[in-house]
Amino acid sequence: MLRVSHIIYKVDHLQQAVEDFRRRGFEVEYGTKRRPYNALIYFSEGPYLELLASTGMPKPLKRLLRFFGKDAMVDRLDYWDSHGGGPCGLALETLKKDLNEERKVLERQGLGYFLMKSGRSDTKGRKLRFTGLFYDLFQY
């Protein structure tokens with residue numbers, strides 16, 4: 001079963017956005033200690049809000065990914081990086097270890113997607129690993 005994991009909210013200036021949300025009474029945690037490009041606002045239950053200033057993906061790496069046929073992934077990263085501000089993405093999650101059923105649904109509908117294995121260490125040193133299945137709602 002899929003459920004909403006988080007909403008991606010594009011901001012121009014991360015530090016300013018973090019300060020604004022903190023002034024409004026929210027607890028905000030940067031995504032990483034060094035050179036953060038996002039921050040997270042958790043609630044007592046339900047989806048969280050991700051404030052995103054940029055994807056943090058350097059342009060040379062994007063070109064390399066395109067060279068290896070990862071155009072859909074780079075298109076998604078470019079969309080997030082160039083978004084004018086406000087909600088720009090919705091992330092779904094499942095506790096299943098593979099996403100084969102979800103991939104098959106998209107394939108049956110003739111919809112493009114890409115898988116991305118990723119991970120990071122949070123500000124408390126915890127290692128987070130996940131696989132993202134991205135379908136570009138705004139492309140179709």
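The legends below describe views of a predicted model.

Local features need pLDDT of at least 70 and side-chain atom pairs count only at pLDDT 80 or more, while totals for chains, interfaces and linings use all residues. Residues are numbered from 1 along each chain as its sequence is written, and side-chain values use heavy atoms, with hydrogens and water left out.

**View 1. Overall fold of the chain.** The chain has four helices and seven strands (DSSP runs, H or I of at least four residues for helices and E of at least two for strands, numbered from the N terminus). Their order along the sequence is β-α-β-β-β-α-α-β-α-β-β. The C-alpha trace spans about 45 × 35 × 30 Å along its principal axes.

**View 2. The largest nonpolar core.** Eleven residues form this core: Val11, Leu14, Ala17, Val18, Phe21, Val28, Ala39, Ile41, Leu49, Leu51 and Ala53. A nonpolar core is a set of buried Ala, Val, Leu, Ile, Met, Phe, Trp, Tyr and Cys residues joined through side-chain atoms within 4.5 Å; buried means under 20% relative accessible area with a 1.4 Å probe, protein chains only. At least two residues of this core come from each of helix H1 (14-23), strand S3 (38-41) and strand S4 (48-52). H1 gives the most, four residues.

**View 3. Surroundings of Leu49.** Neighbours within four places in sequence aside, Leu49 is in contact (heavy atoms within 4.5 Å) with Ile7, Tyr9, Phe21, Ala39, Leu40, Ile41 and Phe43.

View 4. Of the 140 residues of the chain, 32% count as buried.

Notes. Buried means under 20% relative accessible area, exposed over 50%, partly exposed in between (1.4 Å probe, protein chains only).
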